[in-house]
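Let's take a friendly walk through this protein together. Keep the sequence and the 3D view at hand as you read.

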Amino acid sequence: MTSQVRLAILAVALVAAGHNSAGQVPVQDRQPAGSALRPAVMGPSGGVSTGHPLTTAAAFGILLKGGNAFDAGVASLIAGGVLEQDLYSLGGEALVLVYPKAEGKVTSVVGQGWAPKAVDVDWYLSRNKTLEGEGLDPAVVPGAVHAALTVLEKWGTMSFEEVAAPGLAYAEHGFPLRSSTARSIHNQLGFFEKWPGNKAYWLKPDGTEYPAGATIRLPALARTLTRMVEAERGAKARGRVAGIVAARDRFYKGDIAEEMVAFLQRHGAPFDLSDFAEYYARIEAPAQTTYRGYTVYKHGFGSQGPVMLQALNILENFDLRAMGYGSADYLHTVVEATKLAYADRDTYYADPAFVQVPAEGLLSKAYAKQRAALIDPRRSSTTFIAGDPLAFDSTVKTWPFWKANIENGVTPRSGGAVAPDDSSGIVKDTTHMAVIDKDGNVFDVTPSGGWVPGSVILGDTGIGMSVRGEQFWLDTTRANQIRPRARPRYTLTPSLVFKGDQPLMGLGTPGGDNQDQTILQAFLSIVEFWDAWYPNLHAAIERPRAQTMHFYGSFWPHTAGFNQLNVEANIPDAVYEELRARGHDVRRLRTFGMSGCATAVMIDPATGNRHAAADPRRDCYAIAY
C-alpha cells in the first residue's frame, strides 16, 4: 500500500466532515458551529465524502498522487465495491454525474444494468416467478464496472491499474470488517445455505463468521481485478484509453464474462453472453431545473431523480424561509409537495429507451404551479394524485399506461408501510461518493446493488449479481414493466447543484425511495437556512428530517405506505401533534434514525475553498485538503 494511501487513511481517521452556501437564518435560530456533532472540513485544493472511511482514503490518496476528481471517484467506486458490500459491490450498478470544468457542462452516466433479452412480463408469469429481492430471478447485468471505466476513459487521467490499486490491495491483503457488514453477513446465513459459494466467500474456512473488526480477505475478487489489470497491461502500448477498454472488455466480453454467464446458465438464469457483451453505460444529458437562482442536475426519468426537481418546482411557490425549518407549516408543505412528485414518479417514470416520458411537461413551471394549488395547508392528502403533464408537453400527448388520480378512485394496496430499503424483508442499502478537485472538476455517484443481502456470488469471480430487477413491475399496464434489455426505473439519484453558472455542490445519499427526500431536505436546509455567521455544513445536514411513505415502494412487491409520515425524535412535540392534527399518520423515529446518509462536497463561491461533509446518521466520512 502506498505512503499516500496510508497518509489518507490517517487523515480520514482524524477528521470527520464539513461545508458552505447561501441563505441565512434569523439570529434567534443561530447555533454556533461547535454545536454540530462534526466539525467543518475545509481546504484550498479538494474534498472527498463517501460512505466509509477507507473508501474516502482511497479517493484522497489518488488526489494526493495528482489524479483528478474522476480518477479519485473511480478509485472510490472500486474500493467501495470491496469494502462496503453490505451496501454495494462491483456486481451492482453506479449512477454518475460528472462536471468536467474544461467542458463546462454536466453529463449523466447511466450504469444501471439491464434485464436479459430473453425475458418479459409473460416470461415470469408463465413460470410463476416473481421479482422477490434475492437470488437470480430479479438479476440484471452488472452496470457499475462499465460506468466506472467509462468515466475513467473519458474524463480521467490515470490507468485502471492505478485507480484500482487501493481496492485491489484491500481485497488481496485484507481489511477490517465493519460492524454493519458483519451484521449483514450474519443475517444472511440462511441464504448462504442455498448458495454454498456465498458461504465460502463470506465465512472463514471452518464455516464460522468473521466478527466485526476482524481482517477479511477476498481472494476471488482480487483475482478478478488482477485479470482486468493484466488485460490493461497487455493493451497499454496502444495508449491509456485502449488499456482501460481492454480491462472493461475482459469483464464484459472476455473470460470473466464467460465464467459469470456459465454460472448463471448452470442455475437456470436466462442470460447469454450477448447480454453482457452488448451492455453499455448510457451517456446522456441530465434532467435539470432551477430554484431561486440555483440549478439542480439529476439523472433523467429512468431514475427517481426528477422527483426532487418536481418537488422544488412546486415548493418555489411557497415562502419556506418564512415558515422556518422544521415548523409544522414547513414540514407539511415539503411533504405534500413530495407526495405529488412521487405520484407522478409511480405513473410516468420508466426507461426512456422504451417509454416516451412527458419530461417537458413534468418539469414545467406552469405544471408545478398547478400542482402546488392542490396542497391544502391544513390537511394531509389522503390519496395518490398523478397529474396531467401532457397539457404542458409539446411532444407527448397520450399516455397508454397506468395512471393514479382522484377521479378514477385508485387507492393504495393493503399491507401498510415498508422501510424504504427493505420491502422484501432483506436489509440492504446503497452508498454515495462525491469528489471535487483543485481544478473545479466534480464527480458524484450513487452506487448500489450486488449486496451481501440476497446477491449470489458468481462462482470464482467474486462478483455478487445485482438483483435490481426487483424494481420492475410484472404488470403490462405499468410504464416501468420488465422488458428485454430494459433498465429498471432506479432509485439511485446523485445530484449536482450550481449557483448561477458555477458549480456549487455534489450531494447524494443512500436510502432507497427516501433518497430524494434526504437530498431535498438537506438542499433546502443549506440554501434556505444556511447561517454564514457559523459556516459548518454539518449544522445544516444534521437538522431533523421527515419522511413520507406515501408512494408505491420501488422494491418488490411495491407495497404502499398510505399517508404514513416518519419524523425524527428531535422534532418538537408541538410540531408532531400539529402534523397529526392535519391528518398525517405520524410515527416517531429515533434521533438521527432516518434512512439515508447525506455526503457532500462543495466549492465556496466567496472564497473558492473546498468543503466536504458527511452525515452523522451513518459511518460516512469526509475530508478536505
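How many disulfides does the count come to? In this predicted model, the count comes to one disulfide. The partners are C597 and C620, with their sulfur atoms 1.8 Å apart. A disulfide is a covalent bond between the sulfur atoms of two cysteines. C597 sits in the loop between β16 (585-589) and β17 (599-603), while C620 sits in the loop between β18 (610-614) and β19 (621-624), so the bond ties together parts that are 23 residues apart in sequence.

Are these two cysteines buried or exposed? Here are their values:

| Cysteine | Relative accessible area | State |
|---|---|---|
| C597 | 1% | buried |
| C620 | 5% | buried |

Now look at β16 again. Strand β15 (residues 564-568) runs parallel to β16, and five bridges join the two. Along this pairing, E568 stands opposite L589 of β16. Together with helix α21 (residues 573-581), β15 and β16 make a right-handed β-α-β unit.

In soluble globular proteins, nonpolar side chains tend to be buried together. The largest nonpolar core here has 89 residues, and V151, F160, W202, L218, M228, F276 and F443 touch the most other members. Helix α3 (residues 69-83) supplies the largest share of this core, 10 residues. A second, separate core has 71 residues, including V296, V355, A479 and I571.

Which residues is F160 in contact with, leaving aside its neighbours within four places in sequence? They are I78, L149, L152, L225, M228, V229, E232, I244 and A247.

How values were computed: Residues numbered from 1 in each chain as written. Predicted model: local features only at pLDDT ≥ 70, side-chain atom pairs only at ≥ 80, totals over all residues. Heavy atoms only, no water. Core = buried A, V, L, I, M, F, W, Y, C linked by side-chain atoms within 4.5 Å. Buried < 20%, exposed > 50% of the residue type's maximum accessible area, 1.4 Å probe, protein only. Helix = DSSP H or I, 4+ residues; strand = E, 2+ residues; numbered from the N terminus. Contact = heavy atoms within 4.5 Å. Disulfide = S-S within 2.5 Å. Pairing = 2+ DSSP bridges. Right-handed = clockwise from strand over helix to strand, strands pointing away.
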